[in-house]
Amino acid sequence: MRPPRLARRGLAIVFFVLLLLVHPWGPLARPAGLAAAKSGAPLPSPNEVVDATGKKISFARLPERIIVVGQGPFMSMHLLYLFPEGKDRLAGYEEKFKVANDFLPLVDPRFSAKAALATNPGPEHVAALHPDLIVIKSSVPSPLGVSLSRLGIPTVYLGMENPDQFLRDVRMAGLLFGNRARAEEIVQFYQARLDLLAKGLAGVAKEQKPRVLVMGYNERGGKAAVQVPGRSWTQTIQTVTAGGNPVWLDSSQASEGWTVINFEQVASWDPDKIFIIPAFTLDRREVLKSFKADPQWRRLKAARNNEMWLFPSDLFGWDSPEPRWILGMMWLATKIFPERFSQIDIKEEVYRFFGTMFGMERAVVDAAIMPLVMLEGR
Amino acid sequence: MTTDGYTIELREVSFGYGPEGPVVLKKLSGPIPARSITALLGPNGSGKTTLLHLLLGLLAHKEGDILVSGKALDDYSPRDMKRLIGLVPQEESIPFDLSVFEYVLLGRAPHLRLLALPKEEDFKIALNALETIGITPLRDRSLPSLSGGERQLVMIARVLTQESAILLLDEPTSHLDLANRRRVLQVMQLLRDMGKTVVFSTHDPNAAAGIADHVLMLRDGSILVAAPVREAFTTRNLSDTYGVEVEVIEMRNRPMVLPF
Amino acid sequence: MSTYRGRVQSVRRMFLWGTLIAIVCLAGSFFLGRYPEPYLTPVTALWDNEMARSVLLHLRLPRILAAFLLGMTLSAAGAVFQMIFRNPLVEAGLLGVSQGAAFGASLAIVALGGRTATIQICAALFAFVGLGGSAFLARRIRLGDWVLRLVLAGIAVSALYTAGAGFLKYLADPLRQLPDITFWLLGGLWGITWLDIGQIVPVVVPCLAVLHLMRWRLNLLAMEDETSFSLTSSAGRERFVMLLAAVAATAAVVSKAGQIGWVGLIVPHMARRVVGSDAQWTVPISMLFGGCFVLLCDDLARTLLTGEIPLGILTSFVGAALFLILLMRRDIKVRA
């Protein structure tokens with residue numbers, strides 16, 4: 001008596017769910033308007049960019065409603081905000097974490113008027129905001145991007161994984177905003193500092209470079225294990241450019257993500273300097289204290305020589321691929337090779353960075369940024 | 001454990017599944033004498049297995065009494081019941097290759113405390129059981145490798161190891177060929193001669209005719225006949241029980257049932 | 001008589017060997033690691049070098065003990081589940097226990113702050129809920145005998161939990177939380193300290209003791225319902241106690257180590273090939289085998305490469321390979 005009725009109801013639910021899933025999102029007829037040209041097709045206008053996936057996109061006119069979605073949207077948004085046009089032309093973004101948006105309101109008082117999409121929006125949600133450009137941080141096309149392109153909305157990918165890519169992304173943004181001059185200004189800003197570091201390290205042999213460990217910590221392994229960044233990640237490049245010898249590179253693992261390393265291996269490396277990146281949910285000072293107090297970690301050379309630091313950050317870390325990476329790099333250089341980079345005044349650099357890049361006045365930086373930065377790293 | 005002979009008596013026993021379920025057994029009454037073989041006969045679905053489960057105590061009867069040696073089954077402690085009544089189910093299919101000896105040894109469980117392991121005496125009793133039934137050579141064989149007949153004998157050995165006075169067997173010969181069938185029936189006679197009260201269900205009247213002393217014929221959950229074998233095996237009784245016409249003939253001093 | 005006694009003696013000898021092998025494995029693992037050099041640690045390191053001593057006693061020792069306990073628990077629980085459910089293809093993953101623990105951990109990571117203590121408590125809690133849910137659901141299903149009912153219910157509960165964990169993964173931030181959850185779901189012992197040992201031992205040791213003491217009764221519980229009823233008046237209660245002990249121990253270790261698959265499935269099979277199907281021998285031998293198996297896998301996990309290899313990957317790899325071999329050699333053992 002009971003099973004048949006249950007079965008019928010169950011079938012109905014399954015059918016309904018299937019219906020929802022099969023809803024046609026993708027292949028709709030292309031609406032009139034902006035055309036997304038595929039490479040090889042004749043281009044109607046000279047406005048054409050090549051994004052991080054190698055795709056060529058052309059525009060009839062400059063985009064005015066830009067939506068940022070995908071991985072780490074704040075990184076792309078910060079890059080867009082390097083340009084004065086950014087605040088006007090950013091129409092909306094995917095809200096990955098509530099906390100991720102404490103910074104931009106400082107730069108743009110009208111930031112709260114931007115449309116915030118819920119996490120993992122579907123193409124329809126995005127299309128409903130009538131964007132004329134989608135920006136996604138990724139080196140490969142994402143499914144969302146592909147769906148949106150099929151709807152006729154151009155999607156541009158930012159790589160942002162290393163300095164070279166970052167600068168290319170900046171130049172591309174310059175094209176998108178029609179402000180090449182500003183793009184060059186930004187590139188010059190970064191390049192000057194990169195050159196400064198390179199000059200400071202001229203002639204330094206590999207053996208002279210201090211052995212450095214940059215590690216992520218999120219409490220879950222206790223102090224028995226930590227994580228090291230991928231081979232081509234920003235943190236690794238920052239370390240190398242700042243003159244350090246990243247110990248995690250001479251290993252048999254060619255991993256591209258965070259790799260868990262147990263303490264034995266760290267002890268075996270016994271690096272000269274250790275930089276800790278705690279998970280952003282943790283109390284940074286407490287983390288450093290606990291490492292210095294840990295009976296095993298404090299026996300390491302770096303701890304005994306007082307060479308254990310917290311990787312600095314303000315509202316956002318200086319170790320991620322977003323615009324602040326240059327600050328992280330310079331700061332690392334002052335810690336790794338203090339004698340060669342004693343002329344770098346990090347405090348001034350912070351003012352200069354936020355002033356030149358985001359147009360923030362010293363007072364604003366003093367109020368919102370400086371208190372959070374542990375300039376000394378401890 | 002002395003077996004002075006355990007008589008079972010059914011008095012108006014009824015049973016049904018659940019408070020509103022159909023009544024499967026209706027007011028069964030009849031004796032099951034000690035030191036004898038009683039056969040439960042009847043077509044499929046007449047309630048034979050249910051009755052065996054009631055006797056085992058696995059199912060609780062709704063009305064009436066089941067008396068064992070004059071004492072109500074409910075009044076026996078669970079421990080005493082396990083030592084008293086053993087069951088050979090219709091089949092025992094375990095997907096692990098337990099050896100025959102290990103399996104037979106399990107019969108000692110009612111005599112062992114919860115965390116106790118079988119000891120020397122238990123091994124002896126198990127071996128004796130194997131010997132009594134004559135399957136000592138099978139001792140180290142694995143259960144799944146046995147033939148149907150061998151498996152029946154092994155199950156009986158287990159129940160023998162249990163040293164229970166009352167043995168219930170559910171369709172012991174139903175899937176066996178002639179030779180094995182005969183062997184099993186012979187073993188059952190042996191058990192009766194040892195003083196056990198043997199009750200077995202079968203849908204084959206000739207198995208009953210072969211060895212039973214006493215017969216209960218069931219149909220649709222009621223007892224039609226409860227009598228010694230000679231009295232019970234009449235054309236009329238059997239036809240009523242099975243619902244088909246049969247003929248009862250006498251053969252070598254035993255009744256024999258032929259379907260028409 | 002003599003053959004059975006002989007058998008008991010030969011199994012006892014096997015126990016002795018097994019224990020010896022276990023001790024050798026433990027001792028050997030003690031000297032394997034990445035400090036000061038990859039792979040072998042010289043014995044002198046113990047008294048030479050303060051850092052080495054600290055590493056060996058505070059990092060390696062608790063970890064190898066944890067690995068051994070993990071192996072013992074998963075294998076004993078697997079053996080118990082297989083016999084009680086009369087199904088040689090069953091393990092903790094079938095009752096919603098592992099999935100419940102995984103779901104609890106994911107929940108703790110995504111929504112409750114992701115601190116170690118929270119993760120473990122949530123994992124254990126949801127593992128228990130998984131078992132309870134399966135048992136409760138099984139009583140309501142009216143299809144087949146109790147073994148089938150429980151298995152069906154367990155599958156349903158496991159599927160629910162897996163979907164829940166999948167949903168949480170979907171919600172998690174791919175940059176920060178998702179790698180966390182993923183690594184955790186693959187299993188690993190890289191965070192084990194003496195504190196963790198102190199937290200699992202009070203649960204695992206008594207539970208394993210219970211399973212060991214009741215090992216012969218397990219044979220009874222593996223019989224058909226009518227048979228086990230005819231032999232013991234407390235079959236239901238005995239099954240419950242053994243399941244409870246198996247699940248409690250499993251939840252405790254899974255909450256510390258993550259989901260480690262295949263061990264509970266494979267080790268009892270191997271044990272059965274060596275000592276036969278009598279649970280009196282299978283349970284303790286499974287514990288010894290399982291302990292060594294996971295210990296050796298974990299040695300590889302922490303020693304082979306610079307970084308940690310998730311333990312679940314290694315046990316799955318080795319376990320699945322062994323399982324395939326076993327499947328292809330399905331001869332029924334006839335012991336002469």
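Modeller: Start with strand β6 of chain A, residues 133–137, which is mostly covered: five of its five residues are buried. Buried means that 20 or more other C-beta atoms lie within 10 Å of a residue's own; 12 or fewer makes it exposed, anything in between is partly exposed, and the C-beta atoms are placed from the backbone. Strands here are DSSP runs of E with at least two residues, helices are runs of H or I with at least four, and both are numbered from the N terminus.

A word on the model itself. It is predicted, so local features need pLDDT of at least 70 and side-chain atom pairs count only at pLDDT 80 or more, while totals for chains, interfaces and linings use all residues. Residues count from 1 along each chain as its sequence is written, and chains are lettered from A and ligands numbered from 1 in the order in which they are written.

Back to β6(A). In a regular strand the side chains alternate between the two faces of the sheet. Here both faces are covered. A:Leu133, A:Val135 and A:Lys137 are buried on one side, and A:Ile134 and A:Ile136 are buried on the other.

Now its partners. Two strands pair if DSSP finds at least two bridges between them. Strand β3 of chain A, residues 66–69, runs parallel to β6(A), with four bridges joining them. A:Val69 sits opposite A:Ile136 of β6(A). Strand β7 of chain A, residues 155–158, also pairs with β6(A) in the parallel sense, over four bridges. There, A:Val135 faces A:Val156 of β7(A).

Another covered strand of chain A is β12, residues 273–278. Six of its six residues are buried, so β12(A) is largely enclosed by the rest of the structure. A:Lys273, A:Phe275 and A:Ile277 are buried on one face, and A:Ile274, A:Ile276 and A:Pro278 on the other. Six bridges tie β12(A) to strand β8 of chain A, residues 211–217, in parallel. A:Gly216 is opposite A:Ile277 of β12(A). Strand β13 of chain A, residues 308–310, runs parallel to β12(A) too, over three bridges. A:Phe275 has A:Trp309 of β13(A) as its bridge partner.

Chain A as a whole has 15 helices and 13 strands. Buried residues make up 41% of its 378 residues. Two residues are in contact if their C-beta atoms, placed from the backbone, lie within 7 Å. Of the contacts in chain A with a separation of 6 or more, 65% link residues 24 or more positions apart.

Next, chain B. An open six-stranded sheet runs in the order β6-β7-β8-β3-β9-β10 of chain B, with mixed pairing. Its edge strands are β6 (85–88) and β10 (222–228) of chain B, each pairing on one side only. Inside this sheet, β3 (residues 37–41) and β9 (residues 214–219) of chain B pair in the parallel sense over four bridges. B:Ala39 stands across from B:Val215 of β9(B).

Chain B also touches chain C: 31 residues of chain B are in contact with 30 residues of chain C. On the chain C side, α1 (2–30), α9 (217–221) and α10 (225–231) each supply at least two residues. α10(C) gives the most, with five residues.

Finally, the packing of chain C. The largest nonpolar core has 271 residues, and C:Val80 and C:Ala246 have the most contacts inside it. Such a core is a set of buried Ala, Val, Leu, Ile, Met, Phe, Trp, Tyr and Cys residues joined through C-beta atoms within 7 Å. Helix α3 of chain C, residues 50–84, gives the most to this core, with 19 residues. Leaving out residues up to four places away in sequence, C:Val80 touches C:Leu211, C:Leu218, C:Met242 and C:Ala246.

Helix α12 of chain C, residues 263–275, is also well covered: ten of its 13 residues are buried, so α12(C) is largely enclosed by the rest of the structure. Among the buried ones are C:Leu265, C:His269 and C:Arg272. After α12(C) comes C:Gly276, with a positive phi near 85°.
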